[in-house]
Amino acid sequence: MSVSRRTVLATAAGAATAGALPAPAAAVEAMAPTPDLSALRAAADYAVGKLAAVSPGVTAFPVGTRFEKWVFSQDGDWVGGFWPGTLWMAWLYSGDDAFRTRALASARKLAPRQDDTGTHDLGFLFSPSWVTAWRLTGDDVWRAGALRAAGSLVRRFNPRGRFIRAWGGLNDPNNAGRVIIDTMMNLDLLAFASEQTGDGRYLDIAVEHARTARRVFPRPDGSTPHVYDFDPADGTPVGPNTVQGYSPTSCWSRGQAWGIYGFTTMYRRTGEAGFLATARALADYAIGALTPDHVPVWDFRAPQHPHDVKDASAGAIMACGLLDLAAVTGSRRYREVALRMLTALARTCLTTESARADAVVARCTRNRPAEDGVEISLPYADYYLLEGILRVLRPADVDRAIDLSTV
């Protein structure tokens with residue numbers, strides 16, 4: 001994610017952790033939406049119809065909505081992979097080859113980003129677009145481009161602190177020691193690179209970063225901060241911080257979702273038990289912090305919780321992570337909560353009541369502290385909603401696209 005769009009919330013209130021305690025689990029379960037596969041099918045049908053209507057006119061990368069219409073980036077910003085990824089999900093669900101054609105055309109426009117060493121977001125950019133394109137077409141052009149992007153990503157590894165730097169150019173001293181929970185989702189690009197090349201260096205770096213993240217991000221209760229800072233010169237820990245959460249001691253819900261999904265993925269790629277334990281701890285906290293409607297608020301420990309602005313994108317991401325976690329643990333509880341979350345999104349967070357909306361999912365929050373994108377639509381919400389629904393309705397198809405295997 002582009003650091004230029006973030007401003008650290010540095011106020012006295014920002015250091016607080018005040019907030020309502022999570023509702024008792026039994027009370028939340030009693031009021032939770034009943035899982036409904038017919039609602040998921042209807043949501044997927046709606047998404048495909050919306051994409052069929054909107055995608056022919058899309059020539060760049062949606063980054064969010066303004067007055068319900070997509071705002072675009074020409075280079076993809078940090079979200080460019082999600083538009084072709086969403087088109088791939090629509091193709092898998094519908095079989096309409098127009099989506100396949102558009103997915104490939106959109107992904108090609110990300111080619112210049114293969115050599116971008118100024119961001120950690122290369123996994124977000126290339127996994128749902130180029131890696132998926134290779135898995136679904138077999139064309140080696142996509143594999144080669146994804147591997148080149150992985151090569152750019154490993155250059156951001158700081159061996160002293162054993163972390164991948166989130167933001168800023170390689171020679172930029174600003175943010176040089178900044179690590180964010182989101183990076184967990186970029187590590188699978190490195191696992192892919194090691195699998196494809198036989199060079200273990202990529203996966204080794206991913207593992208080192210994940211071990212560092214496991215050590216510094218989770219609190220004893222399973223919540224996480226958005227940011228953790230290190231001294232980049234010697235790797236000495238500085239402490240937690242935030243950019244998109246309420247405070248350094250709060251729990252930004254989308255970051256918690258990235259952590260659940262990312263640690264589960266790293267467990268699947270390595271079999272390292274500590275990653276699975278961390279994913280479960282983060283999931284257990286998030287489940288306990290859910291409101292009865294099962295749509296996450298933007299920060300689980302902000303003072304207005306549970307009566308606060310929602311982030312449906314966090315719900316879609318978290319549902320995918322919980323389904324993944326259920327698959328590797330055999331836990332019916334994780335799957336049940338994921339189904340309730342997807343059902344809630346399908347019933348209460350779609351743009352079905354709007355005749356002008358470009359996106360599928362509403363009620364998203366991009367950056368609440370900066371007042372940037374509150375109650376809008378976001379491209380990753382659409383992507384992960386469809387991924388989550390396909391995980392339930394078409395698991396073999398989504399496995400073809402993103403590889404759900406476990407070592």
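The protein exposes about 14,500 Å², and carbon and sulfur atoms supply 52% of that area. Accessible areas come from the Shrake-Rupley method with a 1.4 Å probe, and for residues only the protein chains shown count as cover. This is a predicted model, in which local features need pLDDT of at least 70 and side-chain atom pairs count only at pLDDT 80 or more, while totals for chains, interfaces and linings use all residues. Residues are numbered from 1 along each chain as its sequence is written, and side-chain values use heavy atoms, with hydrogens and water left out.

**Overall fold**

The secondary structure comes to 14 helices and nine strands; helices (H or I, at least four residues) and strands (E, at least two) are DSSP runs numbered from the N terminus. The C-alpha trace spans about 55 × 50 × 40 Å along its principal axes. The radius of gyration, taken over C-alpha atoms, is compared with a globule rule of 2.2 Å times the number of residues to the power 0.38. For 407 residues a compact globule would have a value near 22 Å, and the 19 Å of the protein agrees with this.

Of the 407 residues, 61% count as buried, where buried means under 20% relative accessible area, exposed over 50%, and partly exposed in between (1.4 Å probe, protein chains only). Contact means heavy atoms within 4.5 Å. Among contacts between residues at least 6 apart in sequence, 69% join residues at least 24 apart.

**Helix 10**

Helix 10 (residues 273-289) has 17 residues and reaches 25 Å from its first C-alpha to its last, close to the 24 Å expected at 1.5 Å a residue. That expected span is 1.5 Å times one less than the number of residues. Its buried residues include Phe275, Leu276, Leu282, Tyr285 and Ile287. The buried residues of helix 10 pack against helix 8 (201-216), helix 9 (253-270), helix 11 (312-329) and helix 12 (332-348).

**Two individual residues**

| Residue | Place | Relative accessible area |

Not counting residues up to four places away in sequence, Asp229 touches Gly177, Arg178, Pro237, Val238, Gly239 and Asn241. Thr59 and Ser73 are 14 residues apart along the chain, and their C-alpha atoms are separated by 9.7 Å.
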